[in-house]
Amino acid sequence: MGSNQNLRAEHEVSHGRWLAEQDTEKIWGWNTPAGRLRAQRRAQRIVDAARVQQNSHVLEIGCGTGLFTAMFAATGANITAVDISPELLEKARLKNLPVAQVTFLEKRFEDCEIDGPFDAVIGSSILHHLDIDQSIERIKALLKPGGRIGFAEPNLLNPQVYLERKFQYLPMFAYTSPDETAFVRWKLATKLRQAGFLDIAIEPFDWLHPFTPKPLIGAVRLIGAFLEAVPGAREFSGSLAIGAQLGMGG
């Protein structure tokens, strides 16, 4: 692993340690009424994109505290969940998910060895923490021919996401790690296509901010659904739902 990759990994481990010392899911905005709805919708988009079902052999990258692992496990899939942070994995294991169905592993994804191949490789807000080119190649190596991916990632065209990346040194954006990025969907689609993926669908979604007051959630969700359907406006949504299939030639 090169020096830049080592440094990036060190940053992620350090950031994971900091996150684990906080109320992690509060920092990420997943424990508010709006945040819980966002998480449920996000998990469903990932599951649908990867066509995860009962008994699927699934690899989850960047499982963090296991919040999404629990939702993915509800499909009945068998999940291997990896994360680089031992402290976040401690929190994930405290969720007491069925050990016969879910295995947690401490690994840096880009160069980790895991028994595959998998029916699907999935994750929530993880690819933007990784070296994307290396990660795509590693995903290909771990997927069976015809296997699928499903991810939800930050959309760089969203104003908040852009400001977080542009000014991540500010204390108000302390929840971002030093090397994390975000994606523009057509550029990511090009990378996936060049890597041999087919049936690529990258869709902007998510206008519900986690700190939306509970009485306003219904109205914001309606407005968001409208904006997601409007060409142009939809490109500024907060997240990207990513799905694709590996070609049968691998």
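A: Happy to! The count of salt bridges comes to 14, and the model they come from is a predicted one. As background, side chains of opposite charge can pair when their charged atoms come close.

Let's start with Asp-206 and Arg-42, a salt bridge whose closest N and O atoms are 4.0 Å apart. Asp-206 sits in the loop between strand S6 (197-205) and H9, while Arg-42 belongs to helix H3, so this pair ties together parts that are 164 residues apart in sequence. Both Asp-206 and Arg-42 are buried.

Next comes the salt bridge between Lys-144 and Asp-119, at 2.7 Å from N to O. Here strand S5 (residues 143-154) contributes Lys-144 and strand S4 (residues 118-124) contributes Asp-119, so the parts tied together are 25 residues apart in sequence. Lys-144 is partly exposed, with a relative accessible area of 34%, and Asp-119 also counts as partly exposed, at 23% relative accessibility.

A further salt bridge joins the side chains of Asp-133 and Lys-191, with an N to O distance of 2.9 Å. Asp-133 lies in helix H6 (residues 132-142) and Lys-191 in helix H8 (residues 185-194), so the pair connects parts that are 58 residues apart in sequence. Asp-133 is partly exposed at 44% relative accessibility, and Lys-191 is partly exposed at 32%. Coming back to Asp-206, salt bridges that share partners join this residue, Arg-38 and Arg-42 into one network.

H9 provides the largest share, 5 residues. By class, the lining has 6 nonpolar, 1 polar and 6 charged residues.

Val-121 is buried, with a relative accessible area of 0%. Setting aside residues up to four places away in sequence, Val-121 touches Leu-59, Ile-61, Ile-139, Leu-143, Arg-148, Ile-149, Gly-150 and Phe-151. The C-alpha atoms of Val-121 and Val-58 are 5.9 Å apart in space, although these residues are 63 apart in sequence.

Now to the aromatic rings, where the count is 3 pairs. The ring centres of Trp-30 and Phe-68 are 5.2 Å apart and the planes stand at 80 degrees, so this pair is edge-to-face. Trp-30 lies in the loop between helix H2 (24-27) and H3, and Phe-68 lies in helix H4 (residues 67-73), so the pair ties together parts that are 38 residues apart in sequence. Trp-30 is buried at 9% relative accessible area, and Phe-68 is buried at 6%. Phe-68 also pairs with Phe-72: their centres are 6.2 Å apart and their planes are at 35 degrees, so this pair is tilted. Phe-68 and Phe-72 are 4 residues apart in helix H4, which means about one helical turn separates them. Phe-72 is buried too, with a relative accessible area of 1%. Through these ring pairs, Trp-30, Phe-68 and Phe-72 are linked into a cluster.

How values were computed:
Residues are numbered from 1 along each chain as its sequence is written. This is a predicted model: local features need pLDDT of at least 70, side-chain atom pairs count only at pLDDT 80 or more; totals for chains, interfaces and linings use all residues. Side-chain values use heavy atoms; hydrogens and water are left out. Helices (H or I, at least four residues) and strands (E, at least two) are DSSP runs, numbered from the N terminus. Ala, Val, Leu, Ile, Met, Phe, Trp, Tyr, Cys and Pro count as nonpolar, Asp, Glu, Lys and Arg as charged, and the others, Gly among them, as polar. Buried means under 20% relative accessible area, exposed over 50%, partly exposed in between (1.4 Å probe, protein chains only). Contact means heavy atoms within 4.5 Å. Rings of Phe, Tyr and Trp (its six-membered ring) pair if their centres lie within 6.5 Å; planes under 30 degrees apart count as stacked, over 60 as edge-to-face and the rest as tilted.
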